[in-house]
Amino acid sequence: MEIISDINVMGKWRNEGEKVAFVPTMGGLHQGHLSLIDLARENADRVVVSIFVNPTQFGENEDFADYPRTLDSDLKLLEKHQVDCAFVPNVEVIYPDKVVFTRAGFEEKRYLFETLCGKTRPHFFYGVLQVVRRLFEIVRPDVAVFGQKDYQQLQIIKRFTSGVKVITGVIVREEDGLAMSTRNQYLNMDERLIAPNLYKILRQLQRGELGIKSATEQLQSDFELDYLAMLDANTLKQITDNTSKIAILCAVFLGSTRLLDNIIFTK
């Protein structure tokens, strides 16, 4: 496995006619990331994984400084998983001029960026899109793989990037149903026992055993609720008679840890 931080050597496989798949990450790798790498390998000749904690998607008083940084163990895991290249840039490589957060150009699409997760984190998706576009520019992949767990993020990337085929990886869960996430390591022992209730309640809502109101009440008994919504999965707007696929989307806090989950299903 090559470990690269210099953008000048990226893109060589593409230049040689090989198909390149890209998995962008912020490190803290777990089985969910590995499943995305496996999917990338199925769709390309070469797999590039980036590890970069992007400052523009963190707001004031969020966990940028404390976000898990486990580079040594991440690189060992990537090498064991036979990744072709680990791209490990510093901030100056990604933002050579300076780190500038911007909402410019998206004024008419604010409902995609500033609802759901974006309501309480209005900076987040602009920062994500900014870094993804920059990484695509550097890596020049044919294919990029993102997880379904960050569903709103996935929809924004699909809509506002071009020239790269975006593939979705399914949510990978622990045996008790908790969606795998780097931030799960923040949970203490008691919180870890409660956390699987999030997915259990969403499943009850999907099956019609609970309505939105009762699901909200159940979530609020275990968590601090950020949001719970059932929307058209293709538009992230209200469900209509033309809706063919539904997204149940939810974010909660358990202690200081923010948990995100969703279920996407056919109507």
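At what angle do the axes of helix 7 and helix 8 cross? In this predicted model, in which residues are numbered from 1 along each chain as its sequence is written, local features need pLDDT of at least 70, side-chain atom pairs count only at pLDDT 80 or more, and totals for chains, interfaces and linings use all residues. Side-chain values rest on heavy atoms, with hydrogens and water left out.

The axes of helix 7 (residues 124–139) and helix 8 (residues 151–160) cross at roughly 50 degrees and come within 10 Å. Helix 7 is therefore oblique to helix 8; angles under 35 degrees count as roughly parallel, over 145 as roughly antiparallel, 65 to 115 as roughly perpendicular and the rest as oblique. Helices here are DSSP runs of H or I with at least four residues, strands are runs of E with at least two, and both are numbered from the N terminus. Axes are lines fitted to C-alpha atoms, for helices over the stretch in contact, and angles run from 0 to 180 degrees between N-to-C directions. On the side of helix 7, Phe124, Phe125, Val128, Leu129, Val132 and Arg133 take part in the meeting, and they face Gln152, Gln153, Ile156, Ile157 and Phe160 of helix 8. Contact means heavy atoms within 4.5 Å.

An unreviewed UniProt entry places the feature "binding site" at Gln57; UniProt positions are given in the numbering used here, feature names are shortened, and annotations may be inferred rather than shown by experiment. Gln57 lies in the loop between strand 3 (46–51) and helix 3 (71–80). With a relative accessible area of 8%, Gln57 is buried; buried means under 20% relative accessible area, exposed over 50% and partly exposed in between, with a 1.4 Å probe and protein chains only. Apart from neighbours within four places in sequence, Gln57 is in contact with Met26, Glu62, Arg121, His123, Phe124, Gly127, Val128 and Val131.

A further annotation concerns His33, which the unreviewed UniProt entry lists for "active site". His33 is found in helix 2 (residues 31–42) and counts as buried because its relative accessibility is 13%. Beyond its neighbours within four places in sequence, His33 is in contact with Thr25, Gly27, Gly28 and Thr182.

Three strands form an open sheet in the order 7-8-9, with antiparallel pairing. Strand 7 and strand 9 stand at the edges with a single partner strand each, so one side of each is left without a neighbour in the sheet. On average, and with direction ignored, neighbouring strands of this sheet are turned by 10 degrees against each other. Two strands pair if DSSP finds at least two bridges between them. Strand 7 (residues 224–232) is joined to strand 8 by eight bridges, and strand 8 to strand 9 (residues 257–266) by ten. Within these pairings, Leu228 has Cys250 of strand 8 as its bridge partner, Ala229 stands opposite Leu249 in strand 8, and Ala247 stands opposite Ile264 in strand 9. Strand 8 and strand 9 form a hairpin with two residues between them, and Gly255 in the turn has a positive phi of about 65 degrees.

How many of the ten residues of strand 8 are buried? Eight of them are, and strand 8 (residues 245–254) is thus described as mostly covered. Helix 10 (residues 197–206) lies across strand 7, strand 8 and strand 9, at about 25 degrees to strand 9. Helix 11 (residues 212–222) lies across strand 7 and strand 8, at about 155 degrees to strand 7.

In strand 7, Asp226 is buried, with a relative accessible area of 18%. Leaving aside neighbours within four places in sequence, Asp226 is in contact with Thr120, Ala251, Val252, Phe253 and Arg258. Thr257, found in strand 9, counts as buried at 1% relative accessibility. Not counting residues up to four places away in sequence, Thr257 touches Arg183, Tyr186, Leu187 and Val252.
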